[in-house]
Amino acid sequence: GKCYGGPFNTIDCKYEDGDCTNFNTAYPNCNGDDLQNLYDVENEVGNTKCNITFAISQCAYDGGDCCPYDIHLSPFFGNGECNGGVFNTEGCQFDFGDCDQF
């Protein structure tokens with residue numbers, strides 16, 4: 001089955017009868033209890049398209065698809081040195097090009 005996350009991805013619902021096991025292993029804190037809509041989270045998070053719903057630290061900024069706003073404001077963002085970590089994700093354009101050679 002599909003893992004839709006949100007209010008059904010709970011211990012009481014047996015993590016959607018086991019459908020969310022892989023997702024919960026990869027993103028243990030990305031519960032989305034307050035999600036208005038249900039998503040097939042395993043196909044949504046980390047699919048190379050930034051979904052603002054999952055652009056939070058608990059969801060690893062949509063599995064690296066989104067860049068945190070504070071990164072854009074950082075003096076280290078695009079400063080000519082590859083800073084790694086969340087800077088070096090597709091959503092952050094690989095530190096705004098600084099990590100392209102890696």
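Author: Start with one term. Helices here are DSSP runs of type H or I with at least four residues, numbered from the N terminus. By that rule, Asp17 lies in helix 1, residues 14-17. Keep in mind that this is a predicted model.

Reader: How many helices and how many strands does the protein chain have?

Author: Read along the sequence, the pattern is α-α-α-α-α-α. The count for the protein chain is zero strands and six helices.

Reader: What does the C-alpha trace span along its principal axes?

Author: The protein chain has 102 residues. Along the principal axes, its C-alpha trace spans about 50 × 25 × 20 Å.

Reader: Which residues make the nonpolar surface patch of about 280 Å²?

Author: One member sits in the loop between helix 2 (21-26) and helix 3 (41-44): Leu38. Leu38 counts as partly exposed because its relative accessibility is 44%. The nonpolar patch of about 280 Å² is made by Leu38, Phe8 and Tyr4.

Reader: Is Asn9 buried or exposed?

Author: Asn9 is found in the segment before helix 1. Its relative accessible area is 3%. The cut-off is under 20%, so Asn9 is buried.

Reader: Which side chain makes a polar contact of 2.9 Å with the side chain of Asn9?

Author: Leave aside neighbours within four places in sequence. Asn9 is then in contact with Cys3, Tyr15, Glu16, Cys20, Phe23 and Asn24. The polar contact of 2.9 Å joins the Asn9 side chain to that of Asn24.

Reader: What is the phi of Asp17?

Author: Most residues other than glycine have a negative phi. Asp17 is not a glycine, yet its phi is positive. Asp17 counts as exposed, at 65% relative accessibility. Its phi is about 50 degrees.

Reader: And Asp95: buried or exposed?

Author: Asp95 is found in helix 6, residues 93-96. Its phi is positive too, near 55 degrees, in a residue other than glycine. With a relative accessible area of 0%, Asp95 is buried.

Reader: Now Asp65. Which side chain of opposite charge is nearest to Asp65, and how far away?

Author: Asp65 is found in the loop between helix 4 and helix 5 (69-73). Asp65 is buried and has no salt bridge. A salt bridge needs a side-chain nitrogen of Lys or Arg within 4 Å of a carboxyl oxygen. The nearest side chain of opposite charge is Lys49, at 8.8 Å.

Reader: At what distance does the side chain of Asp65 reach the backbone nitrogen of Asn47?

Author: Asp65 touches several residues beyond four places in sequence, among them Glu44, Val45, Gly46 and Asn47. A polar atom of the Asp65 side chain lies 3.2 Å from the backbone nitrogen of Gly46. For the backbone nitrogen of Asn47, the distance is 2.8 Å.

Reader: Which residues does Gly46 contact, leaving aside neighbours within four places in sequence?

Author: Gly46 is found in the loop between helix 3 and helix 4. Gly46 is partly exposed, with a relative accessible area of 41%. Its contacts, with those neighbours left aside, are Asp62, Gly63 and Asp65.

Reader: How far apart are the C-alpha atoms of Gly46 and Cys59?

Author: Along the chain, Gly46 and Cys59 are 13 residues apart.

Reader: What separates the C-alpha atoms of Thr48 and Gln58?

Author: Thr48 sits in the loop between helix 3 and helix 4 (60-63). Along the chain, Thr48 and Gln58 are 10 residues apart. Their C-alpha atoms are separated by 17 Å.

Reader: Last one. Which residues does Thr48 touch, not counting residues up to four places away in sequence?

Author: Thr48 counts as exposed because its relative accessibility is 53%, and the cut-off is over 50%. With those residues not counted, Thr48 touches Glu90 and Asp65.

How values were computed: Residues are numbered from 1 along each chain as its sequence is written. This is a predicted model: local features need pLDDT of at least 70, side-chain atom pairs count only at pLDDT 80 or more; totals for chains, interfaces and linings use all residues. Side-chain values use heavy atoms; hydrogens and water are left out. Helices (H or I, at least four residues) and strands (E, at least two) are DSSP runs, numbered from the N terminus. Buried means under 20% relative accessible area, exposed over 50%, partly exposed in between (1.4 Å probe, protein chains only). Patches are made of residues with over 30% relative accessible area and no salt bridge: like charges are joined within 9 Å, nonpolar side chains (Val, Leu, Ile, Met, Phe, Trp, Tyr) within 5 Å. Accessible areas come from the Shrake-Rupley method with a 1.4 Å probe; for residues, only the protein chains shown count as cover. Contact means heavy atoms within 4.5 Å. Lys and Arg count as positive and Asp and Glu as negative; His and the chain ends are not counted. A polar contact is a pair of N or O atoms within 3.5 Å; within protein, one must be able to donate a hydrogen and the other to accept it, and residues adjacent in sequence count only if both atoms are side-chain atoms.
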